Amino acid sequence: MRVVIVGCGRVGAHIASALDRRGDDVTIIDINPNAFTRLDEDFSGLAIRGTGIDEDVLRSANITSADAFLAVTNRDNTNLMAAQVAREVFGVPTVAARVYDPVRAEIFANLGIITICPTTTISNLLLDALETPPARRS
Amino acid sequence: MYVIVVGGGKVGYYLAWNLVDQGFEVLVIERQPAKAEAIREHLGAVVMVGDGAEASVLEAAGAVRADVVIATTGEDEDNLIVCQVAKRRFDVERVIARVNNPKNEQLFKRLGIDATVSQTNVLLHLIEQRLIPDGLTRLLTLQHQEIEIVELKVGADSPVVGRRLSEIRLPPDCVFSAINRGEHIIIPTGQTRLEAGDDVIAVTRTERESELRRLLVGV
């Protein structure tokens with residue numbers, strides 16, 4: 001599978017390294033070249049310095065032949081714009097974006113973009129943890 | 001008419017100032033409290049602190065009754081999302097985005113933004129006209145640069161000189177709206193004859209511009 005990832009923070013670097021290890025063809029984009037130090041030492045994919053909302057940068061990342069696109073910078077608006085470019089301009093089949101704001105995640109979920117909202121996901125996990133009966137001490 | 005301006009930088013501030021001056025109801029949404037305070041000092045209580053891409057902020061700003069939302073920040077991604085949230089969530093009739101990277105003008109149109117303004121392109125056109133006067137001045141571009149209103153000076157060698165408008169074969173999708181002749185403004189009919197030196201105000205599709213210029217200016 002060919003995957004293009006925008007944002008090489010903790011999440012971006014983690015997914016990029018994991019996909020690379022399992023043999024997928026990964027290209028990761030970040031505005032800050034220092035971010036690439038988060039990747040595995042033996043990362044064999046392509047790392048491109050640039051902004052993920054720029055069509056030319058995306059083209060240089062071979063987005064035209066990508067099967068999937070993930071936008072995981074730390075900015076909701078950047079992720080949503082990059083995802084729309086991937087979907088609308090380049091027609092990437094699977095497009096997902098991390099969106100911290102639950103309302104924005106909902107608004108853009110109907111546009112052929114999978115929006116993942118860490119705020120609600122993590123809140124729900126924490127609420128579940130509260131419901132779980134405490135383990136007995138031995 | 002109620003206008004919400006998102007972004008209280010230089011562009012947002014001067015825009016709001018002009019809109020207030022023209023009697024519009026205006027609200028500026030600015031993220032930085034210090035900038036918002038500066039606007040409040042100059043323009044009065046027409047500013048609120050917040051992130052204009054946040055639905056709760058737009059709601060508090062009364063976006064449901066806004067006629068226009070204009071996003072003027074220095075970041076294209078913010079301007080795009082502000083406009084899309086305003087349109088999708090609050091059914092704002094007209095959303096306008098400032099475009100910082102001229103490459104994004106077409107993209108924004110594709111993504112549902114009603115109008116875009118690219119300072120870079122505006123400046124570029126102005127500079128081109130000053131540097132290379134070719135008998136055509138772009139007065140206004142509309143619909144994401146698909147349509148423009150231009151002024152053309154009829155050249156002495158042009159084939160249209162002395163002919164009635166009804167006899168002139170215009171390129172498709174071009175119309176003449178007015179003719180400036182010396183002191184007079186003529187609203188043309190088919191019987192109006194063109195003279196050398198006339199300034200013709202025309203509405204044209206952008207791709208017909210050079211055809212129209214060759215016809216009227218004759219170069």
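How many residues does the contact take from chain A, and how many from chain B? The contact takes 14 residues from chain A and 15 residues from chain B. On chain A, the elements that give two or more residues to the side touching chain B are helix H3 (76-89) and helix H4 (102-108). Of these, H3(A) gives the most, with eight residues. Sorted by class, that side of chain A has seven nonpolar, three polar and four charged residues. As you look around, please keep in mind that this is a predicted model.

Let us turn to chain A as a whole. Its secondary structure comes to five helices and six strands, and from the N terminus on these elements run β-α-β-β-α-β-α-β-α-β-α. The C-alpha trace of chain A spans about 55 × 35 × 25 Å along its principal axes. Of the 138 residues in chain A, 38% are buried. Among the contacts in this chain between residues at least 6 apart in sequence, 46% join residues at least 24 apart.

Is S2(A) largely enclosed or open? Five of its six residues are buried, so S2(A) is largely enclosed by the rest of the structure. Strand S1 (residues 2-6) of chain A pairs with S2(A) in the parallel sense over five bridges; here A:Val3 has A:Val26 as its bridge partner in S2(A). Together with helix H1 (residues 10-21) of chain A, S1(A) and S2(A) make a right-handed β-α-β unit. S2(A) also pairs with strand S3 (residues 46-49) of chain A, in the parallel sense over four bridges, and in S3(A) the bridge partner of A:Thr27 is A:Leu46.

Which residues does B:Val69 touch, not counting residues up to four places away in sequence? B:Val69 touches B:Ile4, B:Val6, B:Ala63, B:Cys83, B:Ala86, B:Val92 and B:Val95.

Finally, consider the domains of chain B. The domain assignment gives domain 1 (2-121) and domain 2 (133-217). Taken over C-alpha atoms, the centres of domain 1 of chain B and domain 2 of chain B are separated by 35 Å.

Key
Residues are numbered from 1 along each chain as its sequence is written. Chains are lettered from A and ligands numbered from 1 in the order in which they are written. This is a predicted model: local features need pLDDT of at least 70, side-chain atom pairs count only at pLDDT 80 or more; totals for chains, interfaces and linings use all residues. Two residues are in contact if their C-beta atoms, placed from the backbone, lie within 7 Å. Ala, Val, Leu, Ile, Met, Phe, Trp, Tyr, Cys and Pro count as nonpolar, Asp, Glu, Lys and Arg as charged, and the others, Gly among them, as polar. A residue is buried if 20 or more other C-beta atoms lie within 10 Å of its own, exposed if 12 or fewer, and partly exposed in between; C-beta atoms are placed from the backbone. Domain bounds come from an automatic or database domain assignment. Two strands pair if DSSP finds at least two bridges between them. A crossover is right-handed if, with the strands pointing away from the viewer, the path from the first strand over the helix to the second runs clockwise.
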